[in-house]
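Happy to walk through this one with you.

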Amino acid sequence: MRIVIKIGTSTITHPTGRLNIRQMEALCKVLSDLKNAGNEVILVSSGAIGMGVGKLRLGKKPVDVPTKQASAAVGQCELMYTYDKLFSEYRHTVAQILLTADDIADPARHENFQNTIQRLLELDAIPIINENDTVSVAEFGIGDNDTLSAIVATSVRADLLVLLSDIDGLFDGDPRKNPDAKLIDTVEKIDEHIISLGGGSGSNLGTGGMATKLRAAQMATAAGCEMVIANGQSPEVLYDVAAGKRVGTRFLAKRDEA
């Protein structure tokens with residue numbers, strides 16, 4: 001199975017922006033095991049700006065573009081160093097790909113990206129993808145890694161897209177405000193009601209929220225790729241997700257009618 005897994009900032013960093021070492025070690029161990037089982041694994045990893053904020057001791061996510069880009073430049077180094085170190089312990093090779101909106105919009109560049117991903121998978125590497133936040137700006141960029149992960153999943157014709165975040169899935173209300181809100185375990189169709197359940201942004205260091213995840217689900221499922229939103233605080237949840245068990249919220253792919 002070809003699996004694209006999006007790692008949210010809150011999954012791999014502490015609220016300070018510093019690396020959550022225990023989480024990263026557990027995550028890379030599980031992903032290595034899934035790959036050893038014969039799955040093709042592609043990561044879309046957030047965390048560069050958050051890690052840069054922590055390493056530069058800024059205290060909070062910057063609001064001006066130059067400082068965001070500087071934070072990304074610092075944080076991306078630490079992010080990839082950590083992935084390379086941890087995956088190497090399980091004899092897996094990683095590859096970094098940083099994308100901009102133009103790499104997706106331009107047909108020739110998009111094709112080059114697809115060809116590179118395909119060759120990396122053939123060479124048994126683990127592609128790790130992020131938006132090139134050092135040169136991208138919000139007005140002209142992809143904007144968030146939920147959207148980027150859906151673009152990647154559709155581009156590589158993935159079987160499954162998994163969004164790991166700090167929430168358990170899609171609820172019929174806001175669980176942070178309503179303790180009686182219930183988890184929706186399966187979404188067969190993304191209609192206006194489902195869209196209305198999308199709230200605001202997520203963590204202080206991240207850029208996504210439920211609204212961006214639902215847009216990602218629309219893109220992925222329309223291309224025939226199932227998507228799951230799950231809580232990444234326990235990376236072992238990926239075993240159950242890959243096995244098709246009831247975890248988080250699973251968005252069923254649209255099927256071509258005969």
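## Cysteines, cores and helix packing

Q: How many disulfides does the count come to in this predicted model?
A: Do keep in mind that this is a predicted model. A disulfide needs a pair of cysteine sulfur atoms within 2.5 Å. By that rule, the count of disulfides comes to zero.

Q: Which cysteine has the sulfur nearest to cysteine 77, and how far away is it?
A: Cysteine 77 takes part in no disulfide. The nearest cysteine sulfur belongs to cysteine 28, at a distance of 17 Å.

Q: Is cysteine 77 buried or exposed?
A: The cut-off for exposed is over 50% relative accessible area. Cysteine 77 has 56% relative accessibility, so it counts as exposed.

Q: Is cysteine 225 buried or exposed?
A: Buried means under 20% relative accessible area. The value for cysteine 225 is 2%, so this cysteine is buried.

Q: Which residues have the most contacts inside the largest nonpolar core?
A: In soluble globular proteins, nonpolar side chains tend to be buried together. Here the largest nonpolar core has 40 residues. Those with the most contacts inside this core are Val4, Ile129, Val152, Leu161, Leu170 and Phe251.

Q: Which residues is phenylalanine 251 in contact with, leaving aside its neighbours within four places in sequence?
A: Phenylalanine 251 is among the residues with the most contacts inside the largest nonpolar core. Leaving aside neighbours within four places in sequence, phenylalanine 251 is in contact with Leu170, Val187, Ile190, Leu214, Ala217, Thr221, Glu226, Met227 and Ile229.

Q: How many residues are in the other core that lies apart from the largest one?
A: Ile3, Ile5, Leu238 and Val241 are among the members of this other core. Its size is 31 residues.

Q: Are helices α7 and α9 roughly parallel or roughly perpendicular to each other?
A: The axes of α7 (residues 145–155) and α9 (residues 210–222) come within 8 Å and cross at roughly 10°. Angles under 35 degrees count as roughly parallel. The two helices, α7 and α9, are therefore roughly parallel.

Q: Which residues of α7 and α9 make the contact?
A: The residues of this contact divide into five nonpolar, three polar and two charged. On the α9 side they are Thr212, Lys213, Ala216, Met219 and Ala220. On the α7 side they are Asp146, Thr147, Ala150, Ile151 and Thr154.

Q: Which residues does serine 155 touch, not counting those up to four places away in sequence?
A: Serine 155 has its place in helix α7. At 10% relative accessibility, serine 155 counts as buried. Not counting residues up to four places away in sequence, serine 155 touches His110, Phe113 and Gln114.

Q: Are α3 and α4 roughly parallel or roughly perpendicular to each other?
A: The axes of α3 (residues 48–55) and α4 come within 6 Å and cross at roughly 95°. Angles of 65 to 115 degrees count as roughly perpendicular. So α3 and α4 are roughly perpendicular.

Q: Which residues of α3 and α4 meet?
A: The residues of this contact divide into seven nonpolar, four polar and three charged. From α4 come Lys68, Ser71, Ala72, Val74, Gly75, Gln76, Glu78 and Leu79. From α3 come Ala48, Ile49, Met51, Gly52, Val53 and Lys55.

Q: What covers the buried residues of α3?
A: Seven of the eight residues of α3 are buried, so this helix is largely enclosed by the rest of the structure. The buried ones are Ala48, Ile49, Gly50, Met51, Gly52, Val53 and Gly54. Their cover includes α1 (9–12), α4 and β4 (125–131).

Q: Is serine 46 buried or exposed?
A: Serine 46 has its place in the loop between β2 (40–45) and α3. Leaving aside neighbours within four places in sequence, its contacts are Lys6, Ile7, Gly8, Thr9, Ile12, Leu79 and Asn145. With 10% relative accessibility, serine 46 counts as buried.

Q: What is the phi of arginine 91?
A: Arginine 91 lies in the loop between α4 and β3 (93–99). At 80% relative accessibility, arginine 91 counts as exposed. Although arginine 91 is not a glycine, its phi is positive, about 65°.

Terms used: Residues are numbered from 1 along each chain as its sequence is written. This is a predicted model: local features need pLDDT of at least 70, side-chain atom pairs count only at pLDDT 80 or more; totals for chains, interfaces and linings use all residues. Side-chain values use heavy atoms; hydrogens and water are left out. A nonpolar core is a set of buried Ala, Val, Leu, Ile, Met, Phe, Trp, Tyr and Cys residues joined through side-chain atoms within 4.5 Å. Buried means under 20% relative accessible area, exposed over 50%, partly exposed in between (1.4 Å probe, protein chains only). Contact means heavy atoms within 4.5 Å. Axes are lines fitted to C-alpha atoms, for helices over the stretch in contact, and angles run from 0 to 180 degrees between N-to-C directions. Helices (H or I, at least four residues) and strands (E, at least two) are DSSP runs, numbered from the N terminus. Angles under 35 degrees count as roughly parallel, over 145 as roughly antiparallel, 65 to 115 as roughly perpendicular and the rest as oblique. Ala, Val, Leu, Ile, Met, Phe, Trp, Tyr, Cys and Pro count as nonpolar, Asp, Glu, Lys and Arg as charged, and the others, Gly among them, as polar.
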